[in-house]
Amino acid sequence: MKLFFYTFRTFDEKEFADKYSKEYGIEYGYTDKAPSAETIELARGYEAISTDPCDMSEPMVRGLAAVGAKYLVCRSIGYDHIDLKVAKELGLKVSHASYPPSIVGNYAIMLMMMSLRKMNEIMGRALVQDYSLPGKIGTDISFVTIGIIGTGKIGTTVIKHLSGFGCRILCYDPYQNEEAKKYAEYVDLDTLYKESDVISLHMNATPENYHLINAEAFSKMKNGVIIINTARGSLIDTDALIAAIVSKKVGAAGIDVIEEENDLYYNNKVSDVIDNTQLALLRSFPNVVITPHTAFYTRNAVENMVKSAFDAAIAFDKGEETPYEVKL
């Protein structure tokens, strides 16, 4: 069994791919390019194919199956970029990655604190030697109500870590978590919108929660609410977010993921004209912290993501159970 990596990064992933290739006795190949009509042939002869978020729509999935792929082993926690219906039809097994939930959870808390303390404006003005105080006054995290939407591993970790700050914590999830209940109060979404000073998203992208945070949701929130998203860009209607920032309904935002980020993030676009008006507008706001989908980006996570691909591929090939499998 052989494993092929698309969108492979030699500067950080190769160290770990070499390690686990040798340890597990599995040959691997790679390209830094994403799956496409021009690159599918590179995967011929490899049973396991690994990607991170990129175009894995029906043509790509069918094309990879046609050159011999049996397993699609993601190097990301999310797997919404894969056409799962087609994968199931073709009998392909799919897996996703895992890494400690504190990695993204602590990043979300960092974005909360940066937004509450107006760090974007403080640092931007310091760059031009404006050390004056007007406009920089912030709010301490200990004196706010924070609403967490999604209480899976990452959301619950955020709740536990926030509990040490002494803030009030509300949470919402259709499936309640006993661990989260120790530190937070479950409420319905309308209550969370109404009472939260900060709202942070921690859920996978599904058709059901597409644009969960939309104009109607914003209308139910406090004036000056802070929005944090380290989950998936599709959870927020970006046009509605921009309108809410302009109207001052949203006082600040910390955004690590955006809609239409494929083929943008993780690429060097220094000399390019980027056709993304929404991103340009968000970047223009001094009260918005934009980071390019880097909440996961630590050595711990990168190693775990690469190892997850090897572990899932081995389990699939041996017909064994693996916690990384996506049930189709």
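## Contacts of H211

Contact here means heavy atoms within 4.5 Å. The model is predicted. In it, H211 is in contact with S234, L235, I236, D237 and E259, leaving aside its neighbours within four places in sequence. One of these residues, E259, also makes a polar contact with H211, side chain to side chain, at 2.7 Å.

H211 is found in the loop between β9 and α9, the helix of residues 215-219. Is H211 buried or exposed? Its relative accessibility is 16%, and buried means under 20%, so H211 counts as buried.

## The sheet

Seven strands form an open sheet with parallel pairing, in the order β8-β7-β6-β9-β10-β11-β12. Strands β8 (185-186) and β12 (288-290) stand at the edges; each has a single partner strand, so one side of each is left without a neighbour in the sheet.

For G147, the bridge partner in β9 is I199.

## The cavity

The structure holds one cavity of 30 Å³ or more. About 50 Å³ of space lies in the largest cavity. Which residues line the largest cavity? They are N229, G233, I236, T238, L241, I255, V257, I258, E259 and L282. By class, this lining has six nonpolar, three polar and one charged residues.

Two residues of the lining, I236 and E259, are also among the contacts of H211.

## The largest pocket

The largest pocket has a volume of about 1100 Å³. It is lined by 45 residues, of which I77, I154, H202, M203 and N204 are the closest to its centre. Helix α6, residues 153-163, supplies the largest share of the lining, three residues. Divided by class, the lining of the largest pocket has 23 nonpolar, 13 polar and nine charged residues.

## The second largest pocket

How much space lies in the second largest pocket? The volume is about 800 Å³. Its lining is made up of 27 residues, and those nearest the centre are L264, Y265, Y266, N267 and P292. The lining of the second largest pocket divides into 14 nonpolar, six polar and seven charged residues.

Note on methods. Residues are numbered from 1 along each chain as its sequence is written. This is a predicted model: local features need pLDDT of at least 70, side-chain atom pairs count only at pLDDT 80 or more; totals for chains, interfaces and linings use all residues. Side-chain values use heavy atoms; hydrogens and water are left out. On a 1 Å grid over the protein atoms alone, a cavity is a set of points where a 1.4 Å probe fits but cannot get out, and a pocket is an open set with protein on both sides within 12 Å along at least five of seven lines; lining residues have an atom within 4 Å of a point. Grid points are joined across faces, edges and corners, and a volume is the space filled by probe spheres set on the points. Ala, Val, Leu, Ile, Met, Phe, Trp, Tyr, Cys and Pro count as nonpolar, Asp, Glu, Lys and Arg as charged, and the others, Gly among them, as polar. Two strands pair if DSSP finds at least two bridges between them. Helices (H or I, at least four residues) and strands (E, at least two) are DSSP runs, numbered from the N terminus. Buried means under 20% relative accessible area, exposed over 50%, partly exposed in between (1.4 Å probe, protein chains only). A polar contact is a pair of N or O atoms within 3.5 Å; within protein, one must be able to donate a hydrogen and the other to accept it, and residues adjacent in sequence count only if both atoms are side-chain atoms.
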